[in-house]
Amino acid sequence: GKLDELQVQHQDLQGKIDRLATAVDGKLDDLKQLLEKVITSTSFLFAVKLQADSAILSSTYSGCPATNCINGNTGDLCHTNKEKYPWLALDLGKSVTVSSVTIYNRAVSCYERLKDLEIRISDNLPTTPATESFKGGSKLGFFEGPGKNGEVIEMITKPLAGRYVVLMNNSKGRHGADFLNLAEVTCMGYS
């Protein structure tokens with residue numbers, strides 16, 4: 001009698017608790033995804049320009065050093081030699097949080113070389129010579145290309161931490177050896 005009735009009520013209550021827990025768990029996942037979208041889409045509001053201490057190329061074409069990509073002048077360029085996976089790394093001096101990277105492509109000629117560009121935030125540099133695709137750190141973004149004359153490419157992401165911003169051309173290895181030549185690269189984030 002009474003004991004059976006209590007067991008039925010207990011089972012009914014346990015079923016309701018299980019359904020509620022499942023519903024809440026599903027909503028928590030939705031809430032986490034929503035919060036991540038809000039953080040990603042608003043992180044640039046509080047970001048400041050991150051100044052690279054130096055820049056490094058996988059190789060240097062005559063007269064076009066890596067520092068040309070961090071000097072604030074989009075009229076000159078940094079330029080690698082012809083390589084399978086040419087890269088540029090901005091050294092931010094210490095591990096910082098990066099929320100966006102803006103790439104100023106070369107103008108006038110050879111701008112279409114920019115393709116399959118992968119941007120990564122890492123505490124390590126790629127190998128030199130650039131004989132393999134770099135997969136260190138966290139992927140910030142990808143630009144399929146080909147680049148256009150003087151194109152400005154802005155990659156906004158969820159905040160990622162690391163010392164280096166690494167830009168690797170031909171990251172998928174779909175194209176033969178080529179050059180990486182850019183006018184300027186800037187970063188936003190938090191130190």
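Figure 1. L28 is partly exposed, with 42% relative accessible area; here buried means under 20% relative accessible area, exposed means over 50%, and partly exposed is in between, using a 1.4 Å probe and protein chains only. The model is predicted, so local features need pLDDT of at least 70 and side-chain atom pairs count only at pLDDT 80 or more, while totals for chains, interfaces and linings use all residues. Residues are numbered from 1 along each chain as its sequence is written, and side-chain values use heavy atoms, leaving out hydrogens and water. You will find L28 in helix α1, which covers residues 2–42. Together with L31 and L34, L28 makes a nonpolar surface patch of about 270 Å². Patches are made of residues with over 30% relative accessible area and no salt bridge; like charges are joined within 9 Å, and nonpolar side chains (Val, Leu, Ile, Met, Phe, Trp, Tyr) within 5 Å. A salt bridge, in turn, is a side-chain nitrogen of Lys or Arg within 4 Å of a carboxyl oxygen of Asp or Glu.

**Figure 2. The whole protein, for orientation.** The protein has one helix and eight strands, and from the N terminus on they run α-β-β-β-β-β-β-β-β. Helices (H or I, at least four residues) and strands (E, at least two) are DSSP runs, numbered from the N terminus. Of the 191 residues, 42% count as buried. The protein exposes about 10,400 Å², and carbon and sulfur atoms supply 55% of that area; accessible areas come from the Shrake-Rupley method with a 1.4 Å probe, and for residues only the protein chains shown count as cover. Among the contacts with a separation of 6 or more, 78% are between residues 24 or more positions apart, where contact means heavy atoms within 4.5 Å.

**Figure 3. The disulfide and two other cysteines.** One disulfide turns up in a search of the whole structure, a disulfide being a pair of cysteine sulfur atoms within 2.5 Å. The partners are C69 and C78, with 2.1 Å from S to S. Their link is left-handed, with -75° about the S-S bond. Both ends are tucked away: C69 is buried at 0% relative accessible area, and C78 is buried at 0% as well. C64 is itself buried, with a relative accessible area of 14%. C187 counts as buried too, at 1% relative accessibility.

**Figure 4. The largest nonpolar core around V165.** A nonpolar core is a set of buried Ala, Val, Leu, Ile, Met, Phe, Trp, Tyr and Cys residues joined through side-chain atoms within 4.5 Å. The largest one holds 30 residues, of which L88, V165 and L182 touch the most other members. At least two residues of this core come from each of β2 (54–57), β4, β5, β6, β7 and β8. Strand β4 gives the most, with seven residues. Leaving aside neighbours within four places in sequence, V165 is in contact with residues including L88, V98, I119, R120 and C187. Apart from this core lies another, of eight residues, among them A130, F134, Y164 and M168.

Figure 5. A cis peptide bond joins G145 and P146, with omega about 5°. P146 lies in the loop between β6 (138–143) and β7 (152–168). D116 has a positive phi, near 50°, in a residue other than glycine; this residue is found in the loop between β4 (87–105) and β5 (117–122). At 0% relative accessibility, D116 counts as buried. N170 also has a positive phi, about 55°, although it is not a glycine. The loop between β7 and β8 (181–190) is where N170 lies, and N170 is buried, with a relative accessible area of 4%.

**Figure 6. V48 and its partners.** V48 sits in strand β1, residues 48–50, and counts as partly exposed at 44% relative accessibility. Which residues does V48 touch, not counting those up to four places away in sequence? They are C187, M188 and G189. The C-alpha atoms of V48 and S99 are separated by 9.4 Å, and these two residues are 51 residues apart along the chain.
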